[in-house]
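Please open the structure in your viewer and keep the selection tool at hand.

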Amino acid sequence: MPYYEAVAVIFPELVRYSALRDKMEIATLKALYRSLGDDYADFSVGVFQIKPSFAEKIRAEAPDAMGKKTKKLFKKRSAYKNDWSFRASIIADLENPETELNYIIAFYKICEYRFKTDWKDEDSKIRFLASAYNAGFWKSAEEIERMADKKFFNTKLFNTENYSYADISLAWYQQYAGNLH
C-alpha cells in the first residue's frame, strides 16, 4: 500500500484520536468486549481507531485476499482456547501501532481483492478507500460509493458541523501527497 494513500485513508481517525480520552474510556470497554463480544462493546482502539468488529472481519477475509501471508499476521479464531482469548488478542493487536498497521495493510489488500476496481483517478480511489474504511469494506461497492458524500464525520472534540470522511481524506491527500507528484 503506498504510504500517502494509507495516510490519507486513515487521516480523519488520526484527527479524532485522543490518547487521554482513549485510556479513560477503553478500560471498561475492553473488559466488556473480551467477555461479551462486539454486541456489547464495539469501540475504536489505537491510533488508527479500528473497532474490534472491523478487525475480526479483516482476520476473516484476509486469507482470501492475502493467502499464506496472513498466517504470520493473524491466527485463526480456532487457534485460541476460547472467545475471550481471541478477543484479547485483537485488543492487544490494536493497541500496538506495529501490529495495528497489519490491519491497515490487510484492509487495503482486501479492498483490492474484493473490488478489483480500476478507479478513474487517484482522487476516486482515495474517496472509495476512505469510505470503505469508515463505512465498512464488507459492504457492496455501490453502498460504499453512496457513503462517500455523507457528512457524518465529527471530531467530537468541539461542537462543529459534520464532514464527509472521504472529503477529509482526499483533502489531506491532495495537500500533502499531491505536492510530491
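How many of the 14 residues of helix 7 are buried? Helix 7 is mostly covered, with 10 of its 14 residues buried; buried means under 20% relative accessible area, exposed over 50%, and partly exposed in between (1.4 Å probe, protein chains only). Helices (H or I, at least four residues) and strands (E, at least two) are DSSP runs, numbered from the N terminus.

Before continuing, note that this is a predicted model, in which local features need pLDDT of at least 70, side-chain atom pairs count only at pLDDT 80 or more, and totals for chains, interfaces and linings use all residues. Residues are numbered from 1 along each chain as its sequence is written, and side-chain values use heavy atoms, with hydrogens and water left out.

**Helix 7**

Select residues 122–135, which make up helix 7. Among its buried residues are Phe128, Leu129 and Tyr133. At the start of the helix, a side-chain oxygen of Asp121 comes within 3.2 Å of the backbone nitrogen of Asp123. After helix 7 comes Gly136, with a positive phi near 125 degrees.

**Salt bridges**

Next, select Lys125 and Glu5. They form a salt bridge whose closest N and O atoms are 3.2 Å apart; the term denotes a side-chain nitrogen of Lys or Arg within 4 Å of a carboxyl oxygen of Asp or Glu. This pair links distant parts of the chain, as Lys125 is in helix 7 and Glu5 in helix 1 (residues 3–16), 120 residues apart. Both Lys125 and Glu5 are buried.

Now move to Arg114 and Glu61, a salt bridge with its closest N and O atoms 3.8 Å apart. Arg114 belongs to helix 6 and Glu61 to helix 3 (residues 52–66), so this bridge ties together parts 53 residues apart in sequence. Arg114 is partly exposed, at a relative accessible area of 34%.

**Aromatic rings**

Select Phe74 and Tyr103. Their rings form a tilted aromatic pair, 4.6 Å centre to centre with 45 degrees between the planes. Rings of Phe, Tyr and Trp (its six-membered ring) pair if their centres lie within 6.5 Å; planes under 30 degrees apart count as stacked, over 60 as edge-to-face and the rest as tilted. Both residues, Phe74 and Tyr103, are buried.

Compare Tyr80 and Phe86, which form an edge-to-face pair at 5.6 Å centre to centre and 65 degrees between the planes.

Finally, select Phe54, Phe107, Tyr133, Phe137 and Trp138, which form one aromatic cluster.

Definitions and conventions
The expected span of a helix is 1.5 Å times one less than its number of residues. A polar contact is a pair of N or O atoms within 3.5 Å; within protein, one must be able to donate a hydrogen and the other to accept it, and residues adjacent in sequence count only if both atoms are side-chain atoms.
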